[in-house]
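Thank you all for coming.

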Amino acid sequence: VADIDPAYVDPEHYWVGESPLPMVIMYNTNLVPEEQAPTSWGDMLNEEFKGKIAMADPARSGSAYTILLTMIQAYGKDDGNGWQFAKDFHDNLDGKILDSSSKVYKGVNDGEYSVGLTLEKEAIKYVQAEGPVKIVYPDEGTSAVPDGVALIKGAKNEENAKLFIDFVTGHECQDIMSKQISRRPVRTDTDAPDGLPPMSDIKLVDYDFDWAANEKEEILEQWKNIVVGIE
């Protein structure tokens with residue numbers, strides 16, 4: 001734990017992060033001229049991207065749910081501005097909501113969509129494969145909610161579970177993840193994957209984990225009302 005970024009260690013030690021997952025904007029360089037390249041969540045409201053944005057359904061995709069909440073929090077979840085942004089964003093999707101997150105990065109890479117909102121760890125694979133894509137960390141700030149690992153109380157294989165946690169958070173495994181599958185480490189003694197900036201260079205929103213977890217049903221209901229046009 002001493003070598004793990006404190007941001008990814010639960011203060012009450014119920015869980016520990018295994019890999020942070022920044023959310024990014026991915027765009028197709030064949031379809032988006034450099035001067036029109038997005039730099040912010042706000043750019044997703046631009047007319048030139050109307051109907052050309054790949055976004056998965058937040059009710060079916062964990063990453064899409066995180067992205068939706070990240071945008072809302074970037075614009076203000078408590079004063080109504082964030083939900084107004086979500087409504088304007090939905091309008092610019094022009095009815096196109098994908099049923100899985102995998103269709104986002106593949107759709108942008110294949111030229112079906114100009115831009116897409118997705119996970120860094122998936123988008124970077126297409127960049128590294130020299131696909132016609134680039135990724136952007138939004139100016140307003142993004143989120144980097146981690147995958148995590150925890151030991152269930154009363155687990156039948158408690159000792160093996162402890163060994164597994166030590167393994168996935170250990171330097172050897174974290175180094176392999178970074179170098180071979182482009183997953184960011186949570187350890188402070190392990191470098192970020194090639195081609196990715198350090199986490200310290202990425203602006204983050206103050207992501208409200210409790211709100212995201214405890215009010216998910218209400219949040220998705222509010223999003224559903226936006227989708228079906230209920231005020």
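This is a predicted model: local features need pLDDT of at least 70, side-chain atom pairs count only at pLDDT 80 or more; totals for chains, interfaces and linings use all residues.

Residues are numbered from 1 along each chain as its sequence is written, and side-chain values use heavy atoms, with hydrogens and water left out.

Is T190 buried or exposed? T190 is buried, because its relative accessible area is 8%, and the cut-offs are under 20% for buried, over 50% for exposed and partly exposed in between, with a 1.4 Å probe and protein chains only. The side chain of T190 makes a polar contact with the side chain of H171 at 3.2 Å, and another with the side chain of D189, also given as 3.2 Å. By polar contact I mean a pair of N or O atoms within 3.5 Å, where, within protein, one must be able to donate a hydrogen and the other to accept it, and where residues adjacent in sequence count only if both atoms are side-chain atoms. Leaving aside residues up to four places away in sequence, T190 touches H171, Q174, D175 and P185, contact meaning heavy atoms within 4.5 Å.

Let me turn now to Q128, which lies in helix α4 (residues 120-128). Q128 has a relative accessible area of 40%, and is therefore partly exposed. Not counting residues up to four places away in sequence, Q128 touches S182 and D194, and its side chain reaches the backbone oxygen of D194 at 3.3 Å. Between Q128 and G170 there are 42 residues of separation in sequence and 26 Å in space, taken from C-alpha to C-alpha.

The next part concerns helix α1, residues 62-75. Helix α1 has 14 residues and reaches 20 Å from its first C-alpha to its last, close to the 20 Å expected at 1.5 Å a residue, where the expected span is 1.5 Å times one less than the number of residues. How many residues of α1 are buried? The count is 11 of 14, so α1 is mostly covered, and among the buried ones are Y65, L68 and M71. These buried residues pack against several elements, including β1 (16-28), β3 (115-119) and β5 (144-149). One example is T66, which lies in α1 and is buried, with a relative accessible area of 10%; T66 touches M23, S143, V145 and Y207, again not counting residues up to four places away in sequence. Just after α1, G76 takes a positive phi of about 115°.

How do the helices pack against one another? Two packed helices are described by the angle between their axes and the distance between the axes. Here the axes are lines fitted to C-alpha atoms, for helices over the stretch in contact, and angles run from 0 to 180 degrees between N-to-C directions. α1 and α2 pack at an angle of about 130°, with their axes 7 Å apart. That makes α1 oblique to α2, since angles under 35 degrees count as roughly parallel, over 145 as roughly antiparallel, 65 to 115 as roughly perpendicular and the rest as oblique. The contact is made by L68, M71, I72 and Y75 of α1 together with N81, G82, W83, F85, A86 and F89 of α2.

The axes of α1 and α8 come within 12 Å and cross at roughly 80°, which makes α1 roughly perpendicular to α8. In this pair, Y65, L68 and L69 in α1 meet K216, I219, L220 and W223 in α8. As for α2 and α8, they pack at an angle of about 45°, with their axes 10 Å apart, and are therefore oblique to each other.

I will finish with H13, which lies in the segment before β1 and has a positive phi of about 60° although it is not a glycine. H13 counts as exposed, because its relative accessibility is 59%.

Methods. Helices (H or I, at least four residues) and strands (E, at least two) are DSSP runs, numbered from the N terminus.
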